Amino acid sequence: MEDNYEQFKKDVFQLTKIDLNAYKERQMKRRIDALINKQKASSYKDYVRMLKESKAMFDEFVNYLTINVSEFYRNPELWRVLEKDVMPVVLEKKRSPKIWSAACSTGDEPYSLVMLLNQFLPFSQIHIIATDIDKQVLDKARMGLYNDKSLKGLPEGFLKKYFTKVNEHNYQINAEIKKCVEFKEHNLLKDPYPTACDMIVCRNVMIYFTEEAKEEIYKKFNAALVPGGFLFVGSTEQIIQPAVLGYKSFRSFFYRKE
C-alpha cells in the first residue's frame, strides 16, 4: 500500500464529511487497510476512485468505518441504576423529558430507553431523538428486526411484551415502540447538536476518538443539556475530571450538568 494516508484522509472528508483525524489512527488505519486489501485496490488513491464510481462500495465503506457493536440493555446493571436512581430525578423535573441517544447504531439503545420509560410513562409521552453518522445502521434501526443475541440483556418479560417472534432467532420490535423514536443522520464532530436535552445517552463510541475530540464532544454535550441534565456514558468511558468539563458525577458512568 503506497503511503499517502494523509491525502486519503482529506479525500475521505471531502466524500463523506467524516474526519478520520479525530479517530485513533493506528486502529482506524488497520480497519481501512483490511477493507482496501479485500477490495484489491492498489493504493489509497485507487480506492478513492472506486468509492466515487460505486455507490455500493461507498456505502460499504461508511458502514465499515462506523463501529456497530450494540445490544439491548447493554451492561444491565447500569440500566437498573438508570431506572431506579436517575430516571426518577429526570421525571421529577419534567414529565415528558427530551432525551437524545447519540451514536445510536442499530437502534438497540433508543428502543431500550423507550421500554425503560414505559415503566413510568405511556407511549404518548415518550419521544427519543436517536442519531448516527451511518445511514445503513439507521435504516436497520428503523426496520427494528433483531436477533436473539442482541436481546439477551433485556429484563424478564420485556421480550414477550415488546417484541414479536419472526423465526427461531429473530424478533421484530413492536410498532408502538418504533413510533416513539425519531432517527436522524448526525455527525458528532461537525453537525449542530440538539438543545435543551434533559438527558443524553452516548455509550461505547467515545473510545474511538482522540482525547481532543472527546473533550470537544463532552463540552458540546454539556451545552446541549439543560442545567441539572444527565449524561450517561459507556462502561469503559469514565470521565476523569468531570468538573473541568462542567459535570458533576452522580453515579458511576452518570454525570449531571452543574
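Predicted model: local features only at pLDDT ≥ 70, side-chain atom pairs only at ≥ 80, totals over all residues.
Helix α1 covers residues 5-16 and helix α2 covers residues 25-38. Their axes come within 13 Å and cross at roughly 80°. Since angles of 65 to 115 degrees count as roughly perpendicular, that makes α1 roughly perpendicular to α2. On the α1 side, the contact is made by Tyr5, Glu6, Phe8 and Lys9. The α2 side brings in Glu25, Met28, Lys29, Ile32 and Ile36. Sorted by class, the residues of this contact come out as five nonpolar and four charged, with no polar ones.

Next comes the inside of the protein. The count gives one cavity of 30 Å³ or more, and the largest cavity has a volume of about 50 Å³. Its lining takes in Val89, Val90, Lys93, Asp198, Val226, Gly228, Gly229, Phe230 and Arg256. Two elements, α5 (76-93) and β8 (225-233), each supply at least two residues of that lining. The largest share belongs to β8, with four residues.

Finally, the aromatic rings. The model holds 21 aromatic pairs. A pair of this kind is described by the distance of the ring centres and the angle of the planes. Take tyrosine 73 and phenylalanine 158: the ring centres sit 5.9 Å apart and the planes stand at 90°, so the pair is edge-to-face. This pair also ties together distant parts of the chain, as its two members are 85 residues apart. Tyrosine 73 lies in the loop between α4 (55-65) and α5, while phenylalanine 158 belongs to helix α8, residues 158-162.

Conventions. Residues numbered from 1 in each chain as written. Heavy atoms only, no water. Axes fitted to C-alpha atoms, helices over the stretch in contact; angles between N-to-C directions. Parallel < 35°, antiparallel > 145°, perpendicular 65-115°, else oblique. Contact = heavy atoms within 4.5 Å. Nonpolar A, V, L, I, M, F, W, Y, C, P; charged D, E, K, R; others polar. 1 Å grid on protein atoms, 1.4 Å probe; cavity = no way out; pocket = protein on both sides within 12 Å on 5 of 7 lines; lining within 4 Å. Points joined across faces, edges and corners; volume = space filled by probe spheres on them. Phe/Tyr/Trp six-rings, centres within 6.5 Å; stacked < 30°, edge-to-face > 60°.
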